[in-house]
Amino acid sequence: MTTHPLNRAVAIALCVLMVGFGVLIGKARHVSRLYDDAATAGASVAADIEARAQQAHNLVAVAARYYPPDHAQTGQVRDAADRLVKYRTFNDAHAVNTELSERVADLMKLLRAFGMSERDEGYVSNIENELKSADRRIAYSGYNDLARAFNRERLWQKPLALFE
C-alpha cells in the first residue's frame with residue numbers, strides 16, 4: 001500500500017510542529033523554574049538586608065548610652081541603616097550595604113576605645129557577629145547567578161511571550 005505524497009508531507013509537518021512546540025514548552029518551564037529559584041534567593045537576600053539594618057540600629061542603641069543623640073558617627077550608622085531598607089535595586093542595596101559596613105566598623109572602634117561596660121561589649125560583639133553572618137549569607141546566596149541565568153534564558157524566549 002502506497003501513501004499519498006500529500007499525506008506524508010502533512011505528517012512530517014505535524015511532527016515538526018509538535019516537536020517545536022514541545023521544545024518551546026520545555027523552555028518555558030525551564031525559565032519559570034529559574035525565575036522561581038531567583039525569586040526565592042532574592043527574598044533571602046532581602047531578609048538578610050533587613051537583618052543587617054536592624055543590627056545596625058541595635059548598635060546605635062548601645063552607642064546612645066555613651067554618646068549624645070546628635071553624635072556624628074552614630075547618625076551616619078542610623079542614616080545608612082535607614083537607607084539600606086529603602087533600596088530600589090540590589091545594586092543600590094550593595095552600595096549602601098558597603099557604606100553601612102564601613103560606618104559600623106568606625107562606630108564599633110570608637111565604642112571599644114571609649115570603654116564600654118562588659119554587658120555592652122557582649123552586645124557589640126553579638127551585633128558584629130550577626131552583621132558578618134548576614135553579610136556572608138548575602139555574598140554566597142547565589143541570587144546574582146540565578147538572576148543572570150534567568151535573564152539570559154529570557155532573552156531567547158521572546159517568541160513565547162505571545163503565549164503568556
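Reader: In which helix do Arg-83 and Asp-79 both lie, and how many residues apart are they?

Author: Side chains of opposite charge can pair when their charged atoms come close. In this predicted model, where local features need pLDDT of at least 70, side-chain atom pairs count only at pLDDT 80 or more, and totals for chains, interfaces and linings use all residues, Arg-83 and Asp-79 both lie in helix H2, 4 residues apart, about one turn of the helix. Residues are numbered from 1 along each chain as its sequence is written, and side-chain values use heavy atoms, with hydrogens and water left out. The side chains of Arg-83 and Asp-79 meet in a salt bridge at 3.1 Å, N to O, a salt bridge being a side-chain nitrogen of Lys or Arg within 4 Å of a carboxyl oxygen of Asp or Glu. Helices, for their part, are DSSP runs (H or I, at least four residues), numbered from the N terminus.

Reader: Which residues are linked with Arg-83 in a network of salt bridges?

Author: Asp-79, Arg-83, Glu-99 and Arg-103 are linked in that network, and a search of the whole structure finds 8 salt bridges.

Reader: Which are the buried residues of H2, and within what arc do they fall?

Author: An α-helix has 3.6 residues a turn, so residues three or four places apart point the same way. Here the buried residues of H2 are Thr-74, Val-77, Ala-80, Ala-81 and Leu-84. Seen down the axis of H2, these residues fall within an arc of 130 degrees, so they line one face of the helix; the arc is that of the directions from the helix axis to the C-beta atoms. Buried means under 20% relative accessible area, exposed over 50%, and partly exposed in between, with a 1.4 Å probe and protein chains only.

Reader: Is Asn-97 buried or exposed, and with which residues is it in contact?

Author: Asn-97, which lies in helix H3 (residues 90-114), is buried, with a relative accessible area of 8%. Leaving aside neighbours within four places in sequence, Asn-97 is in contact (heavy atoms within 4.5 Å) with Arg-52, Leu-84, Asp-135 and Ile-138.

Reader: In which helices do Arg-112 and Glu-128 lie?

Author: Arg-112 forms a salt bridge with Glu-128, the closest N and O atoms being 3.1 Å apart. Arg-112 lies in helix H3 and Glu-128 in helix H4, so the pair ties together parts that are 16 residues apart in sequence. Arg-112 also forms a salt bridge with Glu-121, again with the closest N and O atoms 3.1 Å apart.

How values were computed: Helices (H or I, at least four residues) and strands (E, at least two) are DSSP runs, numbered from the N terminus.
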